[in-house]
Amino acid sequence: MNMHDLSLAGAAFKALGSGALFWPGQDLLCVSDLHLGKSERVARRGGSQLPPYETHDTLTRIAHDLDITQARTVICLGDSFDDLSAAHALPEDARLWITRLQAGRRWVWIEGNHDPGPVEFGGTHLGELRVANIVFRHIAQAESTAEVSGHYHPKATLHLRGRAVTRPAFLIDSARLIMPAYGTYTGGLRSNDAALRALMHKDAQAVLTGANPVAIPMPR
């Protein structure tokens with residue numbers, strides 16, 4: 001499986017090439033910033049018409065990651081929906097698909113800035129969640145440690161044989177792990193942005209997603 005081993009506060013994680021995070025010791029899969037319904041939200045606000053397949057594509061990848069990890073707990077780390085109206089507007093087949101993915105699992109929706117309140121789906125809705133000694137929340141808190149968060153959609157660039165490869169990336173140091181955005185159409189913030197440089201220690205790593213996840217010193 002295309003995974004890269006990570007360690008945070010004594011916990012052993014695996015960064016999946018898809019952008020999901022697997023914690024084998026807790027049988028837990030974490031995904032962040034799905035932004036389900038983004039194409040509907042953009043169209044509703046008069047923006048460009050995006051191909052309306054992003055929800056199907058995102059849910060397909062979650063289903064695959066659950067198949068390979070067999071995780072019994074799923075944490076969606078905020079901004080799971082592009083806004084609350086997008087959550088209500090999801091087509092029935094997508095709603096049923098989410099219900100099937102939830103069956104037999106503990107499913108936790110962490111609130112984000114795009115979806116700041118409970119949505120009409122099964123599972124538990126929380127502001128943040130602590131599992132063992134690790135806290136899961138949407139936006140990193142500068143003073144916190146042993147923290148997994150999302151929100152920033154980090155991406156990093158690897159320079160290889162005269163060309164630059166830019167991909168969504170996990171950022172990790174001794175205090176925190178910031179997840180890449182998992183959803184289709186989510187874009188990203190370069191790791192050398194001031195907001196990310198302020199949060200991450202100088203020895204932080206970036207793990208680029210893709211078929212073969214690659215760890216490099218976080219470009220600053």
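Contact means heavy atoms within 4.5 Å. This is a predicted model, in which local features need pLDDT of at least 70, side-chain atom pairs count only at pLDDT 80 or more, and totals for chains, interfaces and linings use all residues. Residues are numbered from 1 along each chain as its sequence is written, and side-chain values use heavy atoms, with hydrogens and water left out.

**Exercise 1. Surroundings of Phe13**

State which element holds Phe13, whether Phe13 is buried or exposed, and which residues Phe13 is in contact with beyond its neighbours within four places in sequence.

Step 1. Phe13 belongs to strand β2 (residues 11-16); helices (H or I, at least four residues) and strands (E, at least two) are DSSP runs, numbered from the N terminus.
Step 2. The relative accessibility of Phe13 is 2%, so Phe13 counts as buried; buried means under 20% relative accessible area, exposed over 50%, partly exposed in between (1.4 Å probe, protein chains only).
Step 3. With neighbours within four places left aside, the contacts of Phe13 are His4, Asp5, Leu6, Leu8, Leu21, Phe22, Trp23 and Ile134.
Step 4. From Phe13 to Gly25, 12 residues away in sequence, the C-alpha to C-alpha separation is 8.3 Å.

**Exercise 2. Strand β9 and its partners**

Find which way the side chains of β9 point and how β9 pairs with β8 and with β10.

Step 1. In β9 (residues 134-137), Ile134 and Phe136 point one way, Val135 and Arg137 point the other way, and all are buried.
Step 2. Strand β8 (residues 128-131) pairs with β9 in the antiparallel sense over 4 bridges; two strands pair if DSSP finds at least two bridges between them.
Step 3. Opposite Ile134 of β9 stands Val131.
Step 4. The hairpin of β8 and β9 has 2 residues between the strands, and Ala132 there takes a positive phi near 55 degrees.
Step 5. β9 and strand β10 (residues 147-149) run parallel and are joined by 2 bridges. Glu147 in β10 is the bridge partner of Val135.

**Exercise 3. The faces of α4 and its packing on α2**

Determine which residues of α4 are buried, which are exposed, and at what angle α2 and α4 pack.

Step 1. In helix α4 (residues 92-102), the buried residues are Ala94, Arg95, Trp97, Ile98, Leu101 and Gln102.
Step 2. Down the axis of α4 these buried residues fall within an arc of 160 degrees, so they line one face of the helix; the arc is that of the directions from the helix axis to the C-beta atoms.
Step 3. Glu92, Asp93 and Arg100 are exposed on the other side of α4.
Step 4. Helix α2 (residues 54-69) packs with α4 at an angle of about 15 degrees, the axes being 11 Å apart. Axes are lines fitted to C-alpha atoms, for helices over the stretch in contact, and angles run from 0 to 180 degrees between N-to-C directions.
Step 5. α2 and α4 are therefore roughly parallel to each other (angles under 35 degrees count as roughly parallel, over 145 as roughly antiparallel, 65 to 115 as roughly perpendicular and the rest as oblique).
Step 6. The contact involves Thr55, His56, Leu59, Thr60, Ile62, Ala63 and Leu66 of α2, and Ala94, Trp97, Ile98 and Leu101 of α4.

**Exercise 4. Positive phi in two loops**

Locate His35 and Gln70, and give the phi of His35 and of Gln70.

Step 1. Most residues other than glycine have a negative phi.
Step 2. His35, in the loop between β4 and α1 (38-44), has a positive phi near 50 degrees. At 4% relative accessibility, His35 counts as buried.
Step 3. Gln70, in the loop between α2 and β5, has a positive phi of about 55 degrees. With a relative accessible area of 45%, Gln70 is partly exposed.
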